[in-house]
Amino acid sequence: MGDTRHGRASRFPFPSFPDRSRVRERLPSAPGFWRSPVRGVRFTAVLGLVLLVGLTLVFVTGLLSYAAYNPDLAAVNDKTPGKGLLGFYLFAWPTGPHWLYRLDQGVHVTGGIVLVPVLLAKLWSVIPKLFALPPVRSVGHALERVSLLLLVGGALFEFVTGLLNIQLEYVFPGSFYPLHFYGAWVFFAGFVAHVGLKLPRAVRVLRSGELRGEVDELAAPAPDAPTISRRGAFAMVGAGSLLLLVTSVGRSFDALRSTALLTPRGVADPGSGPNGFQINKTAASVRVTPADTGERWRLTVEGPAGELTFTREQLLAMDQYSAALPIACVEGWSTSDQWWRGVRLRDLAALAGYPDRPPGVLVESVQRSGPFRKAALRDNQVRDPRSLLALEVNGETLSPDHGFPARIIVPAAPGVLNTKWVTRLTFGEL
């Protein structure tokens, strides 16, 4: 019967509301909401230690990749001019071993891909804590929550932008270089704070195999019946990482390139023959036309000796040298060693007026647009006898897509610094 007023039944009885305690039990903040028997401090600790090693490796190789661009050399190489103290570690990138950048970037990208299942499993294992109430219990707890915000937000941002970059999908606002660089430092700040707070306990749990009287705040108080063991869960995560490894690592090896199903390898079909190896951009895609590279093409070399101009035939008449070097790109794909032949950069520097210990060089392409249509090379790169203005590859004239009539090839340098369709070399202090 409804509410009565003055002895009469109300025509509109008040609705009955559910018990507030029952509503709270159905919220993610309720301990009973999370019922998986797999969750627990030990499970999370194992994943955390794997990420500690893996993410540290990915972070360090990422910093080395940035150093390989020589951003402190010239403005044309520096895509993060406002980095300030974050560039404290930069150093002159070496030219040996010649496969250095290929190894570094291959480890960086492949390692990031392989860690995706581990990262997702780690986030799943601790998700109940994200909803725990009260959200802040003390100053120390507040610092922990802030570090988690930086860690989780930074990690997701880095993984998403990195995966989009290797897929050649630039849907994010702004340039990939500053976004990924600054995002890495935000992530690293949260990473260091989180490791400082959690590593001692994680090591203690893994060594002893138990909590020793501590409460396992990640374990479900009333777990459901298990459908998979924790070992089975680890096996699933490992299988996911192995699958990603098998379907992505091949982009760094010519013989395995067809197995790289999940990552692009540059242009899908580079063709066959001596010029049949991977590239990122064709001449047509950057609007380099036959008129730009045909009979009217000239190479201008500038230095203390003045401004010198050479045709391709004149360059071919100079002493020619060969070097076996790969092409390695920031997206993580690379080629095996290709045999390049052309004029040594240090010989061109001598013609420009630097017969002894040549300085760096500013390289310019006929390409009309793009972040690296101009690039600077250090003096150690110019002096290396394997650094060439290449005119041929694998015994054949360069194809238009590989940089005809002339391109730069430098040992251990990122692919974007191996400028194609070169039209001008300016030797001097940069």
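How many nonpolar, polar and charged residues are in the lining of the largest pocket?

Modeller: This is a predicted model; local features need pLDDT of at least 70, side-chain atom pairs count only at pLDDT 80 or more, and totals for chains, interfaces and linings use all residues. Residues are numbered from 1 along each chain as its sequence is written, and side-chain values use heavy atoms, leaving out hydrogens and water.

Now your pocket (on a 1 Å grid over the protein atoms alone, an open set of points where a 1.4 Å probe fits, with protein on both sides within 12 Å along at least five of seven lines). The lining of the largest pocket has 17 nonpolar, 11 polar and 5 charged residues. Ala, Val, Leu, Ile, Met, Phe, Trp, Tyr, Cys and Pro count as nonpolar, Asp, Glu, Lys and Arg as charged, and the others, Gly among them, as polar. The largest pocket holds about 730 Å³ of space, which is the space filled by probe spheres set on the points, joined across faces, edges and corners.

For contrast, turn to the second largest pocket, with about 460 Å³ of space. Its lining has 25 residues, and Pro128, Lys129, Ala132, Glu217 and Leu218 are the closest to its centre. By class, that lining divides into 13 nonpolar, 3 polar and 9 charged residues. Helices here are DSSP runs (H or I, at least four residues), numbered from the N terminus. Helix 5 gives the largest share, 4 residues.

How values were computed: 1 Å grid on protein atoms, 1.4 Å probe; cavity = no way out; pocket = protein on both sides within 12 Å on 5 of 7 lines; lining within 4 Å. Helix = DSSP H or I, 4+ residues; strand = E, 2+ residues; numbered from the N terminus.
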